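Reader: I would like to go through the metal sites and ligand shells of a model. Please give the general rule for each feature, then the case at hand.

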Amino acid sequence: MYRNTPRSYGAVARAFHWATALVILGNIGLGLLAHRLPMDQLALKFTLFSLHKTLGVAAFALGAARIVWALSQPRPVPLHPERRAETALAEAVHWVLYASLMLVPLTGWIEHAATEGYAPILWPLGQGLPMVPKSPELALTMAALHKTLAWVLMGAVALHVAGALKHALIDRDHVLARMVTGRAAGRDAPGGGHALPVLIALAVLGAGAGWALNVPQPQNPVASLQAQASEWQVQEGDLAFSVRQMGAPVRGGFSDWTASISFDPDSGTGAVSVSINLQSATLGTVTDQLRGPDFLDAEATPVALFEADIRPEGEGYIAEGSLSLRGETLPVALPFDLVIEDGIARMQGATVLDRRDWGMGAAYPDDGTVGFEVALEVSLTAARD
Ligand code: HEM
Ligand code: HEM
């Protein structure tokens, strides 16, 4: 009754099948909808993504339990073993479905764990995953895999459902009834597993994954900035920022920027000019929106410029000047700490800007969806030329 026999699906296998089917179909709908909803409905988009992720993690747990159960059960024999191609196709589709049941939620989950903030899973566990670093590159790779494998899953579900309908409506046999009512059907002959369907399934999944990994990632269309003449040469540095999206902090950064720094350690005064390649900005999976016309508008004005004078202030220093961004030049002050040892300067500074001052994100007039405050963080080491 609860267990499978060689001719029938038991109650547990059937309950698992229809529960996973429901969750998977529901989550395909949520994923497609959330992904297509325009950015100007950000609050709804985020809610749908949170639901999608929560249901997806549940699908993963349910799918794992289902697979563990299936491994302990005999698999009912095919009803028409003499139709070899059809049977092999049906079996291959089953293997793709079983594999996708794990791979689709897992890639989505890793993508989520590798990004910060962005539409939380609606329970406290699993926002991060062990051994998954916060990394925009990893998140983009996993996003590509997740989307492609989700499409492979959708194709497999379409074939699978078409097959079930064909059996019910055209063949009028007991294939669907076996899964719905648990009725026994088929010849009780020992049917060994075949390798061909597994190979077909592996080939399909491998082709999907290979395709996803070879889709070119967005490239920097702008050539890297030229190094500037500078008294102090930046050896390494980090220009990062964080904003709140739906109340959760998200970190981004600029990978391409150059600085020209003059500084006299005795008087503690100097000047700094920083050019920032806006096409090098990244922010998790919303990098395109960040570079787009609503925010940095990197195409129209690809370089932002910060020019300031340095003077001592309190325990540390302050760089006071202006930041030109999106054709708007406004005063900015950056307090920073500085330690000079053996001719190597290590500086660390932070300041908070208001995105509205530069006219950024006008489509998001509330602080709740995209925070007004942008926290900038700079750290660098520089050596005297
Ligand atoms: C409304 C949609 C669906 C219908 C009508 C349906 C119908 C069926 C039927 C009739 C079988 C038995 C096939 C046989 O005896 O050879 C079956 C098996 C199976 N279905 Fe579905 N299914 C649906 C959705 C799904 C979805 C969304 C999944 C995704 C994971 C799925 C995964 C599977 C798997 C893995 C098997 C093979 C079970 C085994 O023998 O180990 N099904 N389905
Ligand atoms: C069975 C589980 C799941 C299914 C069937 C599924 C399916 C989908 C589908 C169909 C899309 C839209 C793809 C497109 O429009 O091209 C999508 C997108 C997405 N899914 Fe899932 N998903 C599942 C689980 C998860 C989980 C567990 C997470 C995270 C915890 C997740 C995170 C995402 C994200 C972030 C996107 C948007 C990707 C992007 O635009 O970069 N998904 N998913």
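Reader: Which residues coordinate the iron atom of ligand 2?

Author: Donors are N, O and S atoms within 2.8 Å of the metal (3.2 Å for Na, K and Ca), and water is not among the atoms, so sites may look incomplete. In this predicted model, H52 and H146 coordinate the iron atom of ligand 2 through NE2, at 2.0 Å. H52 belongs to helix α2 and H146 to helix α4, so the pair ties together parts 94 residues apart in sequence. Helices are DSSP runs (H or I, at least four residues), numbered from the N terminus.

Reader: What is the geometry of the site of the iron atom of ligand 2?

Author: Six donors count as octahedral if opposite donors are over 155 degrees apart and all others between 65 and 115. The site of the iron atom of ligand 2 is octahedral, with angles of 86 to 179 degrees among its 6 donor atoms.

Reader: Which residues are closest to ligand 2?

Author: A residue is near a molecule if one of its heavy atoms lies within 4 Å of it. For ligand 2 there are 26 surrounding residues, the closest being H35, R36, H52, H146 and W151. By class, 14 are nonpolar, 8 polar and 4 charged; Ala, Val, Leu, Ile, Met, Phe, Trp, Tyr, Cys and Pro count as nonpolar, Asp, Glu, Lys and Arg as charged, and the others, Gly among them, as polar.

Reader: Which side chains make polar contacts with ligand 2?

Author: A polar contact is a pair of N or O atoms within 3.5 Å. Oxygen atoms of ligand 2 lie 2.9 Å from a polar side-chain atom of H35, 2.8 Å from one of R36 and 3.0 Å from one of W151. Two or more residues of this shell come from each of α1 (11-36), α2 (42-71), α3 (84-114) and α4 (136-171).

Reader: How is the iron atom of ligand 1 coordinated?

Author: H17 and H160 coordinate that iron atom through NE2, at 1.9 to 2.0 Å. Its 6 donor atoms subtend angles of 86 to 179 degrees, which makes the arrangement octahedral. H17 lies in helix α1 and H160 in helix α4, so this pair ties together parts 143 residues apart in sequence.

Reader: Which polar side chains contact ligand 1?

Author: Polar side-chain atoms lie 2.5 Å from an oxygen atom of ligand 1 in Y9, 2.6 Å in Y98 and 3.1 Å in R178.

Reader: What conventions apply?

Author: Residues are numbered from 1 along each chain as its sequence is written, while chains are lettered from A and ligands numbered from 1 in the order written. Local features need pLDDT of at least 70, side-chain atom pairs count only at pLDDT 80 or more, totals for chains, interfaces and linings use all residues, and side-chain values use heavy atoms, without hydrogens and water.

Methods: A polar contact is a pair of N or O atoms within 3.5 Å; within protein, one must be able to donate a hydrogen and the other to accept it, and residues adjacent in sequence count only if both atoms are side-chain atoms. Four donors count as tetrahedral if all angles lie between 85 and 135 degrees; four count as square planar and six as octahedral if opposite donors are over 155 degrees apart and all others between 65 and 115; anything else is irregular.
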